[in-house]
Amino acid sequence: MGAGVVRVTLDGASRWRRRSGEYGSMAEAMAAAENGDTVTIGPGVFRENVLVDKAVTVRPAEGPGSVRIEPAAGTALTLLASASVQGLELEGQDGSAPAVLVEAGEPELADCRIATRSSVGIEVRGDARPVVRRCTVDNPGGLGVRVALAASASFEDCEVLAAGQAGLVVRAGASARFERCRVHHASGAALVLTGEGTAVDAVDCEFYEINGNGVQAEDRAVGRISGSTVHRVTDNGLALDTEAVLELTDCRVHDIPENGADLRGRSVLRIQGGSLRSFARNGLSVWDPQTRVEAVGCEIRESTGDYPAVWVSDGASVQLTDCRVHDVPDALFVLDRGSAAQAEDCSFTQVRNTAVSVRDGATVRLDRVRMQDAGTGLWFRDHGSGGLLTEVEIADVATGVIVTKGADPVLRRCSVRGSTEAAVYVSAAGRGTFEECWAGNGKGFGFHVIDGCRTVLTRCRAEQNARGGFEFAEPGPVVDGCVSDDAAPAPAAEPVRATTAAAWRDAPAAPARTAVPAARTEAAAEGPPARALIAPLPDCRPAEESLAELDSLIGLETVKQEVRTLIDLISVGRRRQQAGLKAPSLRRHLVFTGSPGTGKTTVARLYGEILASLGVLQRGHLVEVARLDLVGEHIGSTAQRTWEVFQRSLGGVLFIDEAYALAPEDGGRDFGREAIDTLVKLMEDHRDDVVVIVAGYTAEMERFLASNPGVASRFSRTVSFADYSAAELVEITRRQAADQEYELAEATVAALLGHFAVLPKGPSFGNGRTARQVFETMVERHAVRLAQLRDVTTEQLQLLLPEDLPPAAAALAASAATTAAAASPVRG
């Protein structure tokens with residue numbers, strides 16, 4: 001058959017028609033053909049717009065790829081009937097028209113290649129019901145495939161290998177089924193489904209190398225995706241919005257730079273099996289009221305960023321059943337009133353920070369959940385946050401359960417094993433109800449309740465905890481029938497029952513709940529054994545030398561007296577311990593208030609050295625930080641940063657400058673508050689191993705102390721650093737000059753005194769820094785003055801004159817000299 005020839009063959013119709021004919025164009029052939037005919041096309045390029053409006057078979061004579069339809073403008077192929085088109089190459093160059101348009105019938109398009117720069121590679125609309133098999137679409141100019149309106153299409157073994165916009169789009173009430181299809185290198189979402197009534201099924205598909213979301217569902221569309229993979233996209237793996245519903249079965253979503261799945265606007269995601277892994281933000285990010293995720297048998301793992309694996313906020317909800325979450329910064333983070341999470345038969349393991357965090361009034365329900373190898377197991381952060389937890393197992397964590405700031409969860413038959421700090425820690429007006437819970441094999445306390453929190457513990461057990469089973473710093477907890485293996489038998493009059501762990505099964509009925517009147521249970525009623533004194537490091541200066549340096553500081557008389565009082569209390573307390581007496585309980589953490597440049601950092605360094613020389617601190621080193629060192633950019637990273645800084649400070653002094661920046665007035669959800677919460681807990685867990693000093697302006701530090709109910713109780717002593725007087729600033733300048741082998745002339749001293757006396761002492765006043773800056777300016781002006789002289793003496797190289805002062809101070813000195821000269825008698 002010749003090139004460029006189109007043959008129409010009659011496959012069994014009227015005897016009145018010719019059995020075959022040959023034509024020079026597709027248009028002529030289609031005009032001659034009737035339903036049931038075969039249109040065979042010779043090899044070549046046909047630069048025409050092909051319209052197939054009859055139920056014919058169209059195929060190339062020499063196999064796929066030998067015929068190319070390439071019109072100058074418009075649509076290359078339009079299907080309006082139940083035809084079969086096979087093996088064609090279709091090219092379009094019209095950015096306002098689709099390359100292939102299917103508008104009616106139930107046609108079949110097979111083994112075709114659409115390489116085009118059109119608005120759409122294949123568009124299906126109207127009431128068409130096509131089946132597309134083994135076709136490829138390469139359309140850098142627009143969409144890959146679009147199915148719209150009432151159309152319904154089926155695509156099998158197809159590939160969209162490049163698209164200037166989205167790869168597959170199903171919209172406006174259409175339906176489509178994609179089986180074993182691949183979409184890659186698209187500049188929009190791989191699959192978009194939008195509009196009420198829109199329905200999509202995708203089976204065994206792959207979406208990758210996408211510049212956008214993997215799957216995007218919105219505006220009440222419904223999708224079902226099974227056995228498919230979404231990976232290597234630039235945005236979210238799945239994005240749902242505006243009441244869309246998406247069901248995933250045995251799908252894999254991985255290598256995602258944003259969220260594995262992001263849901264908003266009352267959308268719903270149901271997951272059965274499969275996995276979400278290697279995501280840089282959240283694995284599941286769920287927002288807004290009535291937005292929800294239901295996941296069964298799913299695995300969420302290997303986060304590459306610093307965000308929680310599952311994020312639930314703004315009234316959304318998540319339900320996890322038989323799911324595994326591991327290798328992530330935080331496993332489940334639930335916040336905002338109305339937000340809720342439910343997990344049943346799940347495991348959260350290898351969590352760098354917190355397995356489950358609940359805040360801002362959110363709630364959780366956890367049944368038979370296992371948490372292991374985490375920084376913190378459960379953290380209920382503030383008022384209204386809580387939930388019901390049953391048979392939760394927590395193991396190998398720093399802290400098992402934290403309840404703070406009014407949070408009030410209920411835990412039943414839960415256990416914490418192998419915590420390095422407290423198994424259960426309640427502080428800062430936290431509450432919590434613990435029924436038949438167990439804490440054991442930990443390095444800290446089993447149940448540690450401070451700040452007089454009204455925690456209720458019923459029939460709880462504590463076994464083999466290094467620091468003790470139950471520790472109540474103040475009266476407040478309500479205890480009923482609890483036992484600990486470090487407790488002596490309870491006297492009959494005591495309201496707290498504490499028996500040995502071996503007698504647990506034989507314990508009599510528990511008495512009615514009563515508040516604990518004493519500071520501790522019987523497990524610690526006599527107080528802890530005397531703490532072994534820590535020997536100072538070999539290179540630690542004697543306390544007398546550090547105290548002498550403190551005394552040598554200019555001014556700061558009140559500060560020196562405060563520090564000496566603290567040192568005396570600590571020293572006498574040590575002597576009482578050595579004599580077998582109880583030492584006074586000291587709050588060594590301090591608040592330094594005052595303007596910058598008043599020596600706060602220097603005093604903090606000396607305080608640490610003195611405590612180390614007395615054997616109170618192991619090293620006495622100073623770690624100075626500010627907000628930037630404690631607060632991370634992402635959820636979960638702040639607690640980690642604060643913990644790392646605290647670890648560096650153990651054995652010494654942690655000095656937090658401008659600490660009020662952690663509690664801004666309009667902070668809202670500012671991460672600084674998380675740093676404060678973490679810091680408060682660490683200070684209690686390591687109260688004998690570190691001294692924390694917070695510093696800043698007086699008014700702002702009052703706000704900081706009020707930011708957390710536990711903060712003020714940790715910092716019971718405030719040391720105020722007053723601004724330096726003019727005379728003290730002159731003395732600071734004189735010492736700096738002497739250190740650098742300069743001398744101040746008497747007139748210079750007088751000029752400096754006048755200069756410092758008139759400087760405004762507002763919040764921006766630098767105190768010692770101002771004195772240093774004045775001295776540095778004097779040295780510079782002195783050098784400029786002497787550089788003009790040919791010969792200078794040693795005395796001139798050392799002596800600083802009034803003209804070497806900063807211009808304002810020099811002018812003041814000159815004015816004073818003029819006034820003095822005018823007042824002197826004239827000698828003749």
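Which residue of β25 does Ala186 stand opposite? The legends below, which describe a predicted model, take up that question in the first view.

**View 1. Strand β22 pairs with β19 and is also joined to β25.** Strand β22, made up of residues 182-186, and strand β19, residues 159-163, pair in the parallel sense over 3 bridges. In this pairing Glu159 stands opposite Arg182 in β22. Strand β22 is also joined by 4 bridges to strand β25, residues 206-210, and these two strands run parallel as well. Here Ile210 is the residue of β25 that Ala186 stands opposite.

View 2. When its neighbours within four places in sequence are left aside, Ser154 is in contact with Pro130, Val131, Val132 and Arg177. Val200 lies 46 residues from Ser154 along the chain, and the C-alpha atoms of the two are separated by 9.9 Å.

**View 3. The largest nonpolar core and a second, separate one.** The largest nonpolar core has 139 residues, and those with the most contacts inside it are Val39, Leu269, Leu284 and Phe348. Strand β43, residues 347-359, gives the most to this core, contributing 5 residues. Phe348, leaving aside its neighbours within four places in sequence, is in contact with a set of residues that includes Leu320, Val325, Ala331, Ala343, Val369 and Met371. Among the other contacts of Phe348 are Ala355 and Val356, together with Arg370 and Gln372. In soluble globular proteins, nonpolar side chains tend to be buried together.

**View 4. Helix α6 and the elements that its buried residues pack against.** Helix α6 comprises the 13 residues 637-649, which at 1.5 Å a residue should span 18 Å; the end C-alpha atoms of the helix are 19 Å apart, and so the two values agree. Ser637, Thr638, Ala639, Thr642, Val645, Phe646 and Ser649 are buried in α6. The buried residues of this helix pack against the strands β43, β61 (622-625), β62 (653-656) and β63 (691-696), and also against the helices α5 (627-630) and α7 (672-685). After α6 comes Gly651, whose phi is positive, near 90°.

Key. Residues numbered from 1 in each chain as written. Predicted model: local features only at pLDDT ≥ 70, side-chain atom pairs only at ≥ 80, totals over all residues. Heavy atoms only, no water. Contact = heavy atoms within 4.5 Å. Core = buried A, V, L, I, M, F, W, Y, C linked by side-chain atoms within 4.5 Å. Buried < 20%, exposed > 50% of the residue type's maximum accessible area, 1.4 Å probe, protein only. Pairing = 2+ DSSP bridges. Expected span 1.5 Å × (residues − 1).
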